[in-house]
Amino acid sequence: MGNSSPSFTSRNVLRLSLVLLGLVSIVSAATNGLLKGRRQRMHDVLKNLGSSGGSNSKAKPDAAIRRPVRDVNGTVIPDYDVIYTFDQLIDHSNPRLGTFKQRYYHTWETWRPGGPIVIMTPGEQAMDGSDVHLTNRTMVGTIAQATNGAAIILEHRFYGQSNPFPDMTVQSLRVHTIEQAMDDLVYFAQNVKLAMPGGDTESIRPHRVPWVLLGGSYAGALTSWTLNLRPGVFWAGYSSSGVIQPLLNFWQYFTPIQTHMPANCSADVQAAIEVVDGVLDSGDAATFEELQSLFGFSGLAPSDFANALTYVVSDWQTLDISSPRGSGFFEFCDALEVQGGEVAPASGFGARSALEAWGRFYRTSYIPTLCEGFDANACVTFDGITSSDTRPSDDRSWWWIVCNEVGWAQVGPPEGVTGIVSKYFTPNNYTQYCRDAFRGAFSSSTPEYQARIDATSQKLLGWNTTAERLFVVNGNRDPWVEVTHSAAAARIASTATQPIFLTDGFHCSDLIVDNAIDQSINQVFQSAITTFPQWVAEFKPSDTPTTTTTTTGSGSDSNKNGSLGRREAAASALGLVLAGVVFTFMGL
């Protein structure tokens, strides 16, 4: 990452001009490539109509998971994927509103009397399929096994089927806050009746046995926040890639990607983005139209074009320790850096080659696959209307948290910093998105958005964490690392009661046992299976039920800048489908 602004000397102007002249010669080829890709993709869509597959198909059981499940005495107990429900309060500040059904998985496969309750929430997604975390193929199951504990996977409110209301209007979402989520965890621990032996007695309460809270990404942050702000309920915690610091302008998301991606690919993407920003700086509409047509677009606003170029770069977040070379992100880099059988040097092939190859990759492969037959322009336009449908969806639920409390706008770098994302995608675009997605809740003022994030940061402590018995793990190659405990700006020291590990992993790599093939992650697992038994052994049962101070309001503190009326914006049928597309680069 550079630290000085590009100086457009005569040499740079000449270089930019040569690149732009080169664009003209490939516009025709770009158009033909786009049309061919569209026809081929539509053919695939039509051919697959009526197939038996689909997102609602029930997944096949994982053959590697042992069944039937047996407890430590050899007795057969319910399978991992049995779904239980708990009557959770809709609003912890107003219990008179009643309850909703909150789903969870549960096993006592490794539990022995006196053992802890190890609980995890999958965070910003439905819990379906996450029952694998009950097994010792994961960190949750590993800790449960090491401590003779029972395990629970609790679905987060407003995700999956754990919805307090049948819709996600602004009025309903007023109780979708981080504080309500923390209180959900507390209320669950203090009141749930589990299927395990003694699960309907005081013997499982937090004052009788230790409860251990785990989570990854947003849920990892929720673990830290809960231990800090709801003390006395959870004896210990494990935070994987926990994004503890709310931050509106999160341009640093792309820094680890820029640093750890192949050097030639990083160099060429930076060179290409420099040209893109140069074209947009010039204000030359004709040249900009030629530039975006190279990628298969036409008539996009500068911010939408800039955002569209982030999609493939953000695919880095899907990588993990065992990701094959053929993964999507590396296909992109190979498209840029392998030409005619020749591999580019560390400095890359240069801006012109990068733009041509990137455009060709988008036109013929990436965008047709991403947009699945829909218009390319509509597909990549960053428009809150695509998330304004008020029917329950994980996408809309997450966007509410983003817009209302945490920010994390993954945007271009500030002036003077050379990056792999255009400076023309800014927090202002997020402000407008939030306004349109949640009509009546938020204004079009970025300073007001910033004030919401600042208030959340102050309330949740962020980097000012003081939690004890919190085991923290982050990945050096995780794009979210700069809002975790390991952020350069955080300067949080690792201690015996809050050990902090920075592995060579990606996002939440340490939650999966298979990733322990990496030495740094193996070290984390070895430390966890010694640390947590020690912490659990330090727990002293009490006859007095645990209490904790809650500060959750009725929701008004989360929406100071707008009314909470049931004002709904209708979404087009295209928008309903594209909501997921917009979410792909945004989610944790």
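Okay, α8 and α9 to start with: the axes of α8 and helix α9, residues 285-294, come within 8 Å and cross at roughly 150°. Axes here are lines fitted to C-alpha atoms, for helices over the stretch in contact, with angles running from 0 to 180 degrees between N-to-C directions. The two helices, α8 and α9, are therefore roughly antiparallel to each other; the cut-offs are under 35 degrees for roughly parallel, over 145 for roughly antiparallel, 65 to 115 for roughly perpendicular, and oblique for the rest. As for handedness, α8 passes α9 in a left-handed crossing, left-handed being when the near helix is turned anticlockwise from the far one by less than a right angle, and right-handed when clockwise.

Who touches whom? On the α8 side we have V276, V279 and L280, and they meet T287, F288 and L291 in α9; contact means heavy atoms within 4.5 Å. By class, that contact has five nonpolar, one polar and no charged residues. Nonpolar covers Ala, Val, Leu, Ile, Met, Phe, Trp, Tyr, Cys and Pro, charged is Asp, Glu, Lys and Arg, and the others, Gly among them, are polar.

Before I go on, the ground rules: this is a predicted model, so local features need pLDDT of at least 70 and side-chain atom pairs count only at pLDDT 80 or more, while totals for chains, interfaces and linings use all residues. Residues are numbered from 1 along each chain as its sequence is written, and side-chain values use heavy atoms, with hydrogens and water left out.

Back to α8, residues 263-282, which also packs with α13 at an angle of about 90°, their axes 8 Å apart. That makes α8 roughly perpendicular to α13. From α8 the contact takes D268, V269, A271, A272, I273, V275 and V276, and from α13 it takes A351, A354, L355 and W358. Sorted by class, that is 10 nonpolar, no polar and one charged residues.

Now α13 again, residues 351-371, but with helix α12, residues 328-337: they pack at about 135°, axes 8 Å apart. That makes α12 oblique to α13. Here α12 passes α13 in a right-handed crossing. The residues are E331, F332, A335 and L336 in α12, meeting A354, A357, W358 and F361 in α13. The class count is seven nonpolar, no polar and one charged.

Two loop residues next. S217 sits in the loop between β5 (211-216) and α6 (218-229). Is S217 buried or exposed? S217 is buried, with a relative accessible area of 3%; buried means under 20%, exposed over 50%, partly exposed in between, with a 1.4 Å probe and protein chains only. Its C-alpha is 7.9 Å from that of G123, 94 residues apart along the chain. The other one is D131, in the loop between β3 (117-120) and α3 (139-147). D131 is buried too, at 9% relative accessible area. Leaving aside neighbours within four places in sequence, D131 is in contact with R67, Y80, D81 and Y105.

Zooming out, the protein chain has 19 helices and 12 strands, which are DSSP runs numbered from the N terminus, H or I of at least four residues for helices and E of at least two for strands. Of its 588 residues, 55% count as buried.

Last, confidence: the chain averages a pLDDT of 85, and 82% of the residues score at least 70, pLDDT being the predictor's confidence in each residue, from 0 to 100. Over residues 1-61 the pLDDT is below 50, and it stays under 50 over residues 551-586. Where pLDDT is low, the predicted coordinates should not be read in detail.
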